[in-house]
Amino acid sequence: MGYIARLLPLLLAFNLVGDVAVKPAYDYVEWFAGDAAVSDGLTLLGFSGKSYDLRYDTRHDLLTPVGFLLAICAIMSLKPGGLLWIAPPCSTWVWMSRHSTGRGKHILGKLYNKNIQAQNAMCSRLVYLLTLCMKRNVYWILEQPDSSIMHTHPKMKRFLARWAPKISEAKVDMGAFTLLCKKTLLLRGWAPWLAWLGRKMSRKER
């Protein structure tokens, strides 16, 4: 059974498909929004949307049933050609934690660790949400640090391989946008303009 087939009972139960479905209204949705910098930028450009983050509302926890359902509803509220920007926690996926998490030996890490179990589950839920985006012709961008190995999680790896012809990447040096942090972000996703977002710090900025 495919990802969308598993989601279909939820979509039907909440009237998200069919003649009674709510008409899509948003141009963008930002999940794990934090300070909502992406949302603010898109709003300044005249787009409408919504930001979600655990700091705004405890119901925005993607690992809870209500949080997962909210994310599904949010994606179904996006217009075709709209954008889901999602930046999940990276702490168990980056190179600095590979020894402590066990991901350096096996991508699933130390499965007895509750936090690692949770982040593996998060990655699986992301695949459901991104598949829903692909099926609805909604663009998406997954934001992670350059050293993150989330893309090698078995489910994420299969998803990326399946849609490889449509998926592209861009690297962004945060310092190129006047930020003090020099960290490089990797944006991976489906959007025809994604490559244009790539930016490196100039020698002066470094």
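S148 is buried, with a relative accessible area of 5%; buried here means under 20% relative accessible area, exposed means over 50%, and partly exposed lies in between, using a 1.4 Å probe and protein chains only. Before we look around this serine, a word on the model itself. This is a predicted model, in which local features need pLDDT of at least 70 and side-chain atom pairs count only at pLDDT 80 or more, while totals for chains, interfaces and linings use all residues. Residues are numbered from 1 along each chain as its sequence is written, and side-chain values use heavy atoms, with hydrogens and water left out.

Where does S148 sit? Its place is in the loop between strand 4 and helix 6. Helices (H or I, at least four residues) and strands (E, at least two) are DSSP runs, numbered from the N terminus. The side chain of S148 has a polar contact of 2.7 Å with the side chain of Q144, and the side chain of S148 also reaches the backbone nitrogen of M150 at 3.2 Å. A polar contact is a pair of N or O atoms within 3.5 Å; within protein, one must be able to donate a hydrogen and the other to accept it, and residues adjacent in sequence count only if both atoms are side-chain atoms. Leaving aside neighbours within four places in sequence, S148 is in contact with W93 and V94, where contact means heavy atoms within 4.5 Å.

H153 lies in the loop between strand 4 and helix 6, and at 5% relative accessibility H153 counts as buried. Apart from neighbours within four places in sequence, H153 is in contact with W93, I107, L108, N120, C123 and S124.

Let us move on to helix 6. Helix 6 covers residues 154-162, and its buried residues are M156, F159 and L160. They cover an arc of only 95° around the axis, which puts them on the same side of helix 6; the arc is that of the directions from the helix axis to the C-beta atoms. There is a simple background to such patterns: an α-helix has 3.6 residues a turn, so residues three or four places apart point the same way. The face of helix 6 turned away from its buried side carries the exposed residues K157, R158, A161 and R162. Among the elements covering the buried residues of helix 6 are helix 5 (114-136), strand 4 (139-145) and strand 6 (184-190).

Now look at helix 1. Which residues of helix 1 are buried? They are Y3, L7 and L11. These cover an arc of only 55° around the axis, which puts them on the same side of helix 1. On the other side of helix 1, P9 and A13 are exposed. The buried residues of helix 1 pack against helix 3, helix 5 and helix 6.

Two of these partners can be followed in detail. Two packed helices are described by the angle between their axes and the distance between the axes. The axes of helix 1 (residues 3-13) and helix 5 come within 10 Å and cross at roughly 85°. Axes are lines fitted to C-alpha atoms, for helices over the stretch in contact, and angles run from 0 to 180 degrees between N-to-C directions. Helix 1 and helix 5 are therefore roughly perpendicular to each other; angles under 35 degrees count as roughly parallel, over 145 as roughly antiparallel, 65 to 115 as roughly perpendicular and the rest as oblique. From helix 1, Y3, I4, R6, L7 and L11 meet V127, Y128, T131, L132 and K135 of helix 5. The residues of this contact divide into seven nonpolar, one polar and two charged. Here Ala, Val, Leu, Ile, Met, Phe, Trp, Tyr, Cys and Pro count as nonpolar, Asp, Glu, Lys and Arg as charged, and the others, Gly among them, as polar.

Helix 1 packs with helix 3 (residues 65-76) at an angle of about 80°, with their axes 11 Å apart. That makes helix 1 roughly perpendicular to helix 3. L7, L10 and L11 of helix 1 meet F68, L69, I72 and M76 of helix 3. By class, this contact has seven nonpolar, no polar and no charged residues.

Just after helix 1, N15 takes a positive phi of about 55°. Most residues other than glycine have a negative phi. At 41% relative accessibility, N15 counts as partly exposed.
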